[in-house]
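Work through the exercises below with the structure in view. Each one is followed by a worked solution.

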Amino acid sequence: AFEVLVIGGGPAGAAAAVYAARKGIRTGVAAERFGGQVLDTMAIENFISVQHTEGPKLATALEQHVKQYDVDVMNLQKAVGLVAPKAPGGLIEVKLENGASLKSRTVILSTGARWRNVNVPGEAEYKNKGVAYCPHCDGPLFKGKRVAVIGGGNSGVEAAIDLAGIVAHVTLIEYDSQLRADAVLQRKLASLPNVTIVTSAMTTEIHGDGSKVNGLTYKDRNHDVAHRVDLEGVFVQIGLVPNTEWLKDSGVALSNRGEIEVDYRGETTMPGVFAAGDATTTPYKQIIIAMGEGAKASLSAFDYLIRLPTE
Ligand code: FAD
């Protein structure tokens, strides 16, 4: 059995594994795809002290750092269930899709999240070539340019307000007849001179010249008319879904958005089980935050272990 078993191999899981291994305790990492969302990222310019890197390069560095230590890395392993210990301080079981199961004194959940796609022609083709999902990450790449934000919930409206301060013009596109964001955000958005709000609009296509985005078409749902907007960037803000479906009946509390509830130490509601990164209720889904939270959860797991009664 492990003393620390990390589920997920993104920035949070990698940091948790390095911190655990450095305590000299038996550490394992099971990940469906080591590297996580970082593998799908191109330029990364907000990982402090590294002015510029690329996702696949950072993912390789994460794996190399973990493998420098005596960590059992189990890649391409999907967790499908978590079973609480039979007695306090006992072994926690993680069931894998391949039928095997892993046991550990503590478990760190860091299964991350995924952005919901609009699923229109051009989205996949122009991902990282004008189609973006994270305004904190990619906003500055569109300085002085025209962008659209798809989605009028809190995250879409926050993104539009944020981007309006950087880009030349923002078109906010909402499918419903009204925005769903908090009233205070809607008022702020409406006060900005370089923002156009379009409601009852269904995005139907993202256009490009073969190498980068140059426009977007939406259908006015009230009049069934198509409109084209010329622009250089599209931010899709229709939801970030945590990869926590497998925890639903485990006894670990999830928020109403499916995020793992953690306290300031990274503890979940199940003793011995900790969590970090995009899968949790911790706000602001960023690499540097996921890494910090992973380190924190790992230190909390160590703190829990040293308090267990000796057998
Ligand atoms: P993830 O990176 O999502 O990793 C989750 C890990 O868990 C993966 O290994 C996955 O395979 C595994 N997993 C999931 N489910 C299971 C399961 N059931 N069993 C086993 N393993 C499982 N942030 C920045 O700071 N700067 C940027 O420039 C930036 N750009 C981005 C660009 C894009 C296109 C995207 C999608 C995200 C970007 N982000 C950026 C956000 C950043 O990637 C995330 O905040 C960060 O990766 C979160 O780390 P994490 O470890 O919590 O989760």
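**Exercise 1.** Which residues of α4 are buried?

Solution. This is a predicted model, in which local features need pLDDT of at least 70 and side-chain atom pairs count only at pLDDT 80 or more, while totals for chains, interfaces and linings use all residues. Residues are numbered from 1 along each chain as its sequence is written.

Step 1. Apply the cut-offs: a residue is buried if 20 or more other C-beta atoms, placed from the backbone, lie within 10 Å of its own, exposed if 12 or fewer, and partly exposed in between.

Step 2. Locate the helix, given that helices (H or I, at least four residues) and strands (E, at least two) are DSSP runs numbered from the N terminus. Helix α4 covers residues 154–164.

Step 3. The buried residues of α4 are Gly-156, Val-157, Ala-159, Ala-160, Ile-161, Leu-163 and Ala-164.

Step 4. Their cover includes α3 (135–138), α5 and the strands β11 (146–150), β12 (169–173), β13 (195–198) and β17 (233–236). Contact here is defined by C-beta atoms, placed from the backbone, that lie within 7 Å.

**Exercise 2.** Describe how α4 packs on α5.

Solution. Step 1. Two packed helices are described by the angle between their axes and the distance between the axes. Axes are lines fitted to C-alpha atoms, for helices over the stretch in contact, and angles run from 0 to 180 degrees between N-to-C directions.

Step 2. For α4 and α5 (residues 183–190) the angle is about 30° and the axes are 10 Å apart.

Step 3. The two helices α4 and α5 are therefore roughly parallel to each other, a label for angles under 35 degrees.

Step 4. On the α4 side, Asn-154, Val-157, Glu-158, Ala-160 and Ile-161 take part, and they meet Leu-185, Gln-186, Lys-188 and Leu-189 of α5. By class, this contact has 5 nonpolar, 2 polar and 2 charged residues.

**Exercise 3.** At what angle do α1 and α6 pack?

Solution. Step 1. Helix α1 (residues 11–21) and helix α6 (residues 287–306) pack at about 35°, with axes 7 Å apart.

Step 2. The contact includes Tyr-19 of α1 and Phe-302 of α6. Its residues divide into 15 nonpolar, 3 polar and 1 charged.

**Exercise 4.** Summarise the chain as a whole.

Solution. Step 1. Count the elements: the chain has 6 helices and 19 strands.

Step 2. Of its 311 residues, 42% count as buried.

Step 3. The C-alpha trace spans about 70 × 35 × 35 Å along its principal axes.

Conventions. Parallel < 35°, antiparallel > 145°, perpendicular 65-115°, else oblique. Contact = placed C-beta atoms within 7 Å. Nonpolar A, V, L, I, M, F, W, Y, C, P; charged D, E, K, R; others polar.
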